[in-house]
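Subject: Structure for you to look at

Hi,

Here is the structure I promised to pass on. Please open it alongside this note.

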Amino acid sequence: MLTAVREEIGDGMMLGVRFNAYEEAPGGYNAADGVEIAQYLESTGLVDFLHVVVGSTWGDPSYIQPQYYAPAQWSALAGDIRRSVRIPVVYTSRVTSVDVAERVLADGHADVVGMARALIAEGEMLTKARENRLDEIRPCIGGNDCISRRYVEGLPFGCAVNPHAGQEVDGPWARAARPRRVLVVGGGPAGMELAALAAESGHTVSLWEADGELGGQLRIAAEAPSYDQYRRYLDWQARRLERAGVEIRFGIRADADAVLAAGADVVAVATGVTPHRPPIDGVDGANVHDIRAVLRGAAVGRRVVVVAQDDHLPPLSVADYLSERGHEVMLVYATPGPAQLLGRYIVGGILARLYSRDVRLRFLEEVTGISDGAVRVANVYSRRTEEIAGVDSVVLACGGDADDALYQALRSRHPEVHALGDAFAPRRLVAATRQAYALAKELQK
């Protein structure tokens with residue numbers, strides 16, 4: 001095949017081979033075999049460079065690694081290959097930032113690094129790095145929504161942290177035709193993104209947050225293992241708001257009268273959600289905890305059942321959090337498998353972590369009752385019941401209900417009020433930032 005490709009492209013075009021440093025699948029080749037493959041490819045005289053990656057479609061890791069792996073975790077394997085050949089070596093796998101890229105090169109692990117998702121998150125990364133504006137580089141969180149939206153949900157491309165990505169054809173972010181006073185109530189991901197975009201359009205923006213810090217539920221989620229980049233993203237957003245001149249007021253639990261008294265031309269209500277409590281017998285017991293309380297440090301017993309009524313990461317992430325701390329964890333899903341909206345390039349990473357700690361998963365069962373020391377489940381088809389004994393605590397990973405009371409109170413009293421983010425509909429980060437972008441575009445008119 002290499003001969004046929006070289007004959008087709010001639011000597012005027014470079015030819016490279018991308019391959020795994022090792023295969024993590026049972027029976028796959030190991031790292032020493034990877035070096036041998038590299039040496040053979042060089043020996044053909046047909047290849048100009050080698051591109052080293054790690055992973056498979058469904059594996060641990062996948063070849064598009066999510067947040068569960070360290071930055072450049074396998075670059076040393078590329079370095080072993082580089083030392084065994086004379087042609088250039090490219091390394092791509094979790095090169096998440098300029099600092100990581102420089103470290104891979106300085107350690108001699110590659111001649112060139114490949115970055116894809118990090119450049120989607122921050123298209124001006126190299127410019128900002130050259131100008132020593134590293135704190136302005138928007139971090140990639142590694143959640144893989146940029147990939148999974150297309151093949152899992154059939155939705156248009158979108159980056160969770162950069163709603164400008166995919167919109168480059170529209171040109172630079174525009175200034176508002178009529179600069180106005182904008183009040184954003186709620187400093188979660190949607191509120192922060194709208195406040196920044198509106199200020200960058202030339203509006204005068206105030207942001208009210210009930211708590212003492214920004215971030216909303218994403219700040220809570222950042223307590224789960226491997227969510228470090230989420231915290232960095234929120235810190236980046238806070239710096240962005242400061243640069244944009246957004247007035248931020250903490251400790252304000254706004255009501256309609258206070259909002260109206262502020263005199264803003266536009267109000268965006270991004271007040272998030274309230275925890276959803278499913279109608280389960282015993283759900284209000286002292287041994288039942290919401291996922292948010294657990295991630296904030298609420299004490300739970302050793303043996304924990306997680307009621308998983310969420311189609312994405314939260315149930316798995318709280319199981320990761322608890323099992324890492326030594327708890328015995330069981331997840332109960334009513335679906336045939338876990339996290340239906342997690343794509344194949346991310347699900348292997350989290351499941352590998354959970355199975356390595358003996359976290360148990362039960363499927364096609366609904367939790368129908370909770371008592372002191374036990375949980376009752378029913379098969380979703382046969383309705384046959386079973387009692388799971390020896391349960392100390394139950395954690396509800398059941399999503400949330402839109403907290404839109406302020407929006408409902410304002411909609412008939414203010415000429416332009418919008419519900420935003422989870423207050424509009426509880427969803428993921430990518431939906432919150434894209435909705436904020438869409439509203440900010442409307443406010444430019």
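This is a predicted model: local features need pLDDT of at least 70, side-chain atom pairs count only at pLDDT 80 or more; totals for chains, interfaces and linings use all residues.

Helix H13 first. It spans residues 314–324. Nine of its eleven residues are buried, so H13 is largely enclosed by the rest of the structure. The buried set runs Pro 315, Leu 316, Ser 317, Val 318, Ala 319, Asp 320, Tyr 321, Leu 322 and Ser 323. Both helices and strands supply the cover: it includes helices H12 (291–295) and H14 (344–356), plus strands E11 (303–308), E12 (328–333), E13 (360–362) and E17 (393–397). After H13 comes Gly 326, with a positive phi near 95°.

Now helix H4, residues 98–106. Here Val 98, Val 100, Ala 101 and Val 104 are buried. They span an arc of only 165° around the axis, so they sit on the same side of H4. Glu 102 and Ala 106 are exposed on the other side. Among the elements covering the buried residues are helix H3 (75–84), strand E3 (89–91), strand E4 (112–113) and H6. Gly 108 follows H4, and its phi is positive too, near 75°.

Last, Asp 135. It lies in the loop between helix H6 (125–130) and helix H7 (145–151). Asp 135 is partly exposed, at 42% relative accessible area. Leaving out residues up to four places away in sequence, it touches Trp 236, Arg 239 and Arg 243. Asp 135 and Trp 236 are 101 residues apart along the chain, yet their C-alpha atoms are separated by 7.2 Å.

Best wishes

Methods. Residues are numbered from 1 along each chain as its sequence is written. Side-chain values use heavy atoms; hydrogens and water are left out. Helices (H or I, at least four residues) and strands (E, at least two) are DSSP runs, numbered from the N terminus. Buried means under 20% relative accessible area, exposed over 50%, partly exposed in between (1.4 Å probe, protein chains only). Contact means heavy atoms within 4.5 Å. The arc is that of the directions from the helix axis to the C-beta atoms.
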